[in-house]
Amino acid sequence: MQSGLNVLLVCDDAANTVELESGLKESGVDQVNTISISDNVLKVVGELAVDLIVLDVEKPTSSLFEQFAVVYEYCPKPVVCFSSERDSKVIAKSVKAGVTAYIVDGKSPERIKPIIEVAMARFNECQAVKKELAQVKHKLSERAVIEKAKGLLIEYKNMSEDQAYQAMRKMAMDQGKKISVIAHEIISVIAGLSEQESA
């Protein structure tokens, strides 16, 4: 596990976190910042350089997971939840809110390091998949824009499909722009011309 990790420990009983804090320190965690579940987690995550969030709660609530869903949306971090709650619905809610590992009754110090290592590896893998998916979606949307612009050039300029694509490609090269940017511009211009014609 990488050393020098900064952990945010969110708990419902600050007096009962000694074992967990000790296990975290033994695992190579550099700093543990402890807050209560009643504190604004999103605000604290925004203020501190947090590498990992550890939840230590007896019975997690929906409102707590709502906060973590916001954290996951805007500043995703690996989250490990230690709890005594075994309800599968609660566990499902935790996963939906971005909890990377949900551990029932397992805070013994020797277990902490492998739990954190697995949680961080799983989180990094999920983030890589999300990034890849976003890139694929972006490429598909760019492709759709290029196809639309090509169709408009074929319709309004009586070009063949190849001529339309080559014209866009030449404009992109001449102007030092991406072909998808040129495609957006063509769509805007032709849409403007169509509005003028129909006015």
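This is a predicted model: local features need pLDDT of at least 70, side-chain atom pairs count only at pLDDT 80 or more; totals for chains, interfaces and linings use all residues.

Colleague: What is the order of the strands in the open sheet?

Modeller: The sheet has five strands in the order E2-E1-E3-E4-E5, and their pairing is parallel. Neighbouring strands are turned against each other by 20° on average, direction ignored.

Colleague: Why are strand E2 and strand E5 called edge strands?

Modeller: Strand E2 (29–36) and strand E5 (101–104) each pair on one side only, so they are the edges of the sheet.

Colleague: How do you know that strand E3 and E4 pair?

Modeller: Two strands count as paired when there are at least two bridges between them. Strand E3 (residues 52–56) and E4 are joined in the parallel sense by four bridges, and therefore they pair. As one instance, Leu-55 has Cys-81 in E4 as its bridge partner.

Colleague: Which helices lie against these strands?

Modeller: Helix H1 (residues 18–26) packs on the sheet and touches strand E1 (5–11), E2, E3 and E4. The direction of helix H1 makes about 155° with that of E2. H3 lies across E1, E3 and E4, and runs at about 175° to E3.

Colleague: Why is Phe-68 called buried?

Modeller: The term requires a relative accessible area under 20%. Phe-68 has 1%, so Phe-68 counts as buried. This residue is placed in helix H3 (residues 62–74).

Colleague: Which residues does Phe-68 touch, not counting residues up to four places away in sequence?

Modeller: Phe-68 touches Val-10, Val-41, Ile-53, Leu-55, Val-79 and Ala-97.

Colleague: What makes the link between Glu-85 and Lys-59 a polar contact?

Modeller: The cut-off for such a pair of N or O atoms is 3.5 Å. The side chains of Glu-85 and Lys-59 are joined at 3.4 Å, within that limit.

Colleague: Is Glu-85 buried or exposed?

Modeller: Glu-85 is in the loop between strand E4 (79–83) and helix H4 (88–96). Its relative accessibility is 15%, under the 20% cut-off, and Glu-85 therefore counts as buried. Leaving aside neighbours within four places in sequence, the contacts of Glu-85 include Pro-60, Val-90 and Tyr-102.

Colleague: How many salt bridges does a search of the whole structure find?

Modeller: The search finds nine salt bridges. Side chains of opposite charge can pair when their charged atoms come close.

Colleague: How do you know that Glu-142 and Lys-178 form one of these?

Modeller: The nitrogen and the carboxyl oxygen must be within 4 Å. In the pair of Glu-142 and Lys-178, the closest N and O atoms are 3.1 Å apart, so the pair qualifies. The pair links distant parts of the chain, 36 residues apart: Glu-142 is in helix H5 (residues 109–157), and Lys-178 is in the loop between helix H6 (161–175) and helix H7 (179–198). Glu-142 counts as buried because its relative accessibility is 18%.

Colleague: Why are Lys-170 and Asp-174 described as separated by about one helical turn?

Modeller: Lys-170 and Asp-174 are four residues apart in helix H6, which means a separation of about one helical turn. Their side chains meet in a salt bridge at 2.8 Å, N to O. With a relative accessible area of 52%, over the 50% cut-off, Lys-170 is exposed. Asp-174 is likewise exposed, at 58%.

Colleague: What makes Lys-177 and Glu-185 partly exposed?

Modeller: The relative accessible area is 34% for Lys-177 and 30% for Glu-185. Both values lie between 20% and 50%, so the term is partly exposed. The side chains of Lys-177 and Glu-185 meet in a salt bridge of 2.7 Å, N to O.

Definitions and conventions: Residues are numbered from 1 along each chain as its sequence is written. Side-chain values use heavy atoms; hydrogens and water are left out. Helices (H or I, at least four residues) and strands (E, at least two) are DSSP runs, numbered from the N terminus. Buried means under 20% relative accessible area, exposed over 50%, partly exposed in between (1.4 Å probe, protein chains only). Contact means heavy atoms within 4.5 Å. A polar contact is a pair of N or O atoms within 3.5 Å; within protein, one must be able to donate a hydrogen and the other to accept it, and residues adjacent in sequence count only if both atoms are side-chain atoms. Axes are lines fitted to C-alpha atoms, for helices over the stretch in contact, and angles run from 0 to 180 degrees between N-to-C directions.
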